[in-house]
Amino acid sequence: MPSSLSARYPTAFVTGASSGLGRAFAEMLLAEGVQVWGTSRQAERLPTHTGFRPVVLELADGPAAEGIYRAADAEAGGFALVINNAGCGVFGAFAQTDFSHWQNQLEIMLVNTARLSHTALQSMQRRGHGALVNISSLAAEFPLPYQSAYNMVKSGLSALNESLMYEFAGSGVIVIDFRPGDFRTNSEQAVVHPASPLPSAAADPRAGRVWSEFVRLMRAAPPPAEAAQALRRALLRGRSGTVRVGSFFQATVAPFLARFGSLRLRRRIQAGYFGL
């Protein structure tokens, strides 16, 4: 028998479904009886599961990614749920790292994610129903040191999500701004550390300490299945909104202090979090 979730969202498109949060989202949906089209740059990294359709998609190529999405959407008869999760990480001092690294991350994670959102929403709007979930981050509120483009991307996605919530209010299409904190996804292994800093810049001695703390926090974080269950609950509520999820401190205490405290307090919280 279909679950409440699959009855509402029988088909889903999930980017970055080969690992981490994306895989957890896909597995949660499959367990609920949802038919999932999941993407990765490499087909062999995607799971083999009844109801799962692997899609090879390179988000760095915006027009090609849009074409692949349109083909999958037609095959599915129109996706009821789209989760934009795919991304990449770059760690380095902003001024000491060649700008091409930051530009590439912005293109992939903000511009091309917005492009897929635009395409998905056109289809949902024609049908009068659907759910778009853009995976932002608590970094939109608490920027991560030495991950400048990631912070820009997530802040931009949250701003896009907020705009879309107004535009689609009462339309039958919902938009969820999903802001996870740290989860045990091994994503630190995929973060790019540019090997060739600009020759005129001196290395920042704090970067190593920040990176070590970042890895420690990721490895001590909750499992990604907890984020997937939080998304499930949000989808079952059936309304647009912002979802913060992570450890109690990240998802509850820190945002509370940020909301009711000063900007200086928020900066002190963030600096202390990373030992700066």
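## A glycine after a helix

Just after α2, glycine 33 adopts a positive phi of about 90°. Helices (H or I, at least four residues) and strands (E, at least two) are DSSP runs, numbered from the N terminus. The model is predicted: local features need pLDDT of at least 70, side-chain atom pairs count only at pLDDT 80 or more, and totals for chains, interfaces and linings use all residues. Residues are numbered from 1 along each chain as its sequence is written, and side-chain values use heavy atoms, with hydrogens and water left out.

## Helix α2

Helix α2 spans residues 20-31, and its 12 residues reach 17 Å from first C-alpha to last, close to the expected 16 Å (1.5 Å times one less than the number of residues). Its buried residues (under 20% relative accessible area, 1.4 Å probe, protein chains only) are Leu21, Gly22, Ala24, Phe25, Ala26, Met28, Leu29 and Leu30.

## The cavity

There is 1 cavity of 30 Å³ or more; a cavity is a set of points on a 1 Å grid over the protein atoms alone where a 1.4 Å probe fits but cannot get out. The largest cavity has a volume of about 40 Å³, the space filled by probe spheres set on the points, which are joined across faces, edges and corners.

Lining residues have an atom within 4 Å of a point; among them are Asn84, Met109 and Lys154. α5 (148-167) gives the most to this lining, with 3 residues.

## Tyrosine 146

In the loop between β5 (130-135) and α5 lies tyrosine 146. Its phi is near 70°, a positive value in a residue other than glycine. Tyrosine 146 is buried, with a relative accessible area of 10%.

Terms used. Buried means under 20% relative accessible area, exposed over 50%, partly exposed in between (1.4 Å probe, protein chains only). On a 1 Å grid over the protein atoms alone, a cavity is a set of points where a 1.4 Å probe fits but cannot get out, and a pocket is an open set with protein on both sides within 12 Å along at least five of seven lines; lining residues have an atom within 4 Å of a point.
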